[in-house]
Amino acid sequence: MDAEGTLRERLVDAGVELVLSEGSGSVGLREIARRAGVSHGAPRRYFPTHRALLSAIARRGFEELGARSHAATSETAPPRAQLAALARVYVAYARERRGMFELMFRHDLLEGDGQNEAPAGPRLREATLPMFERVVELVARCRGEATEPSAAVTAAALWSNLHGIAELWSWGSLQLAVGGGPGEEPADSPDRIVEAALDAHLGPAAS
């Protein structure tokens, strides 16, 4: 990687650290420059707008989530098992990388298609759509059908359900709901709820 590419990555690295430690609201071009040890005007060479910078940080999150998902799934496993693995990774990522997870899906804050981003990187849309397309494909295979619009709707409903699980678990709400009776410890994993979501959208797994 040349010096220009290295500096761009340093700026994104600083942004990732800020998002994880303080949330996306703390990310500004001046603070990024300070943390990267460059002049306050340097980030503008790569990120002409605040949204372009946030988009580059969010893309890093999708790369991380994609790598975790790939490592957790086997192409030879049944589609339902692959979906279950992806679902667990998704919710776990939200728990472990909360600030990044919250930013990644805020397209109201991000460059929607990345057209105004620096040409050094791909459009954000090209980083976000493959994850959903994979879920649509697996939903269709679970139902034994081609990838039709109905599979996309089911995949969107499942994704929404998983996103809600991730958020509510991070806030501590679901633990109260499923923690058991008086005196019992709250559940320490959302996996049971994830399985229930899969059953609700796809039917019970074959025994």
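1. Helices H3 and H4 meet through Gly61, Glu64, Leu65, Arg68, Ser69 and Ala72 on the H3 side and Ala85, Leu86, Val89, Tyr90, Tyr93 and Glu96 on the H4 side, where contact means heavy atoms within 4.5 Å. The residues of this contact divide into seven nonpolar, two polar and three charged; here Ala, Val, Leu, Ile, Met, Phe, Trp, Tyr, Cys and Pro count as nonpolar, Asp, Glu, Lys and Arg as charged, and the others, Gly among them, as polar.

2. This is a predicted model, in which local features need pLDDT of at least 70 and side-chain atom pairs count only at pLDDT 80 or more, while totals for chains, interfaces and linings use all residues. Residues are numbered from 1 along each chain as its sequence is written, and side-chain values use heavy atoms, leaving out hydrogens and water.

3. Helix H4 (residues 79–96) has 18 residues and reaches 26 Å from its first C-alpha to its last, close to the 26 Å expected at 1.5 Å a residue, the expected span being 1.5 Å times one less than the number of residues. Of its 18 residues, 13 are buried, so H4 is largely enclosed by the rest of the structure; buried means under 20% relative accessible area with a 1.4 Å probe, protein chains only.

4. Arginine 134, in helix H6 (residues 124–142), is buried, with a relative accessible area of 19%. Setting aside residues up to four places away in sequence, arginine 134 touches Glu75, Gln82, Leu86 and Arg141.

5. Histidine 163 belongs to helix H7 (residues 149–171); helices are DSSP runs (H or I) of at least four residues, numbered from the N terminus. Histidine 163 and phenylalanine 101 are 62 residues apart in sequence and 9.8 Å apart in space, C-alpha to C-alpha.

Note on methods. Helix = DSSP H or I, 4+ residues; strand = E, 2+ residues; numbered from the N terminus. Buried < 20%, exposed > 50% of the residue type's maximum accessible area, 1.4 Å probe, protein only.
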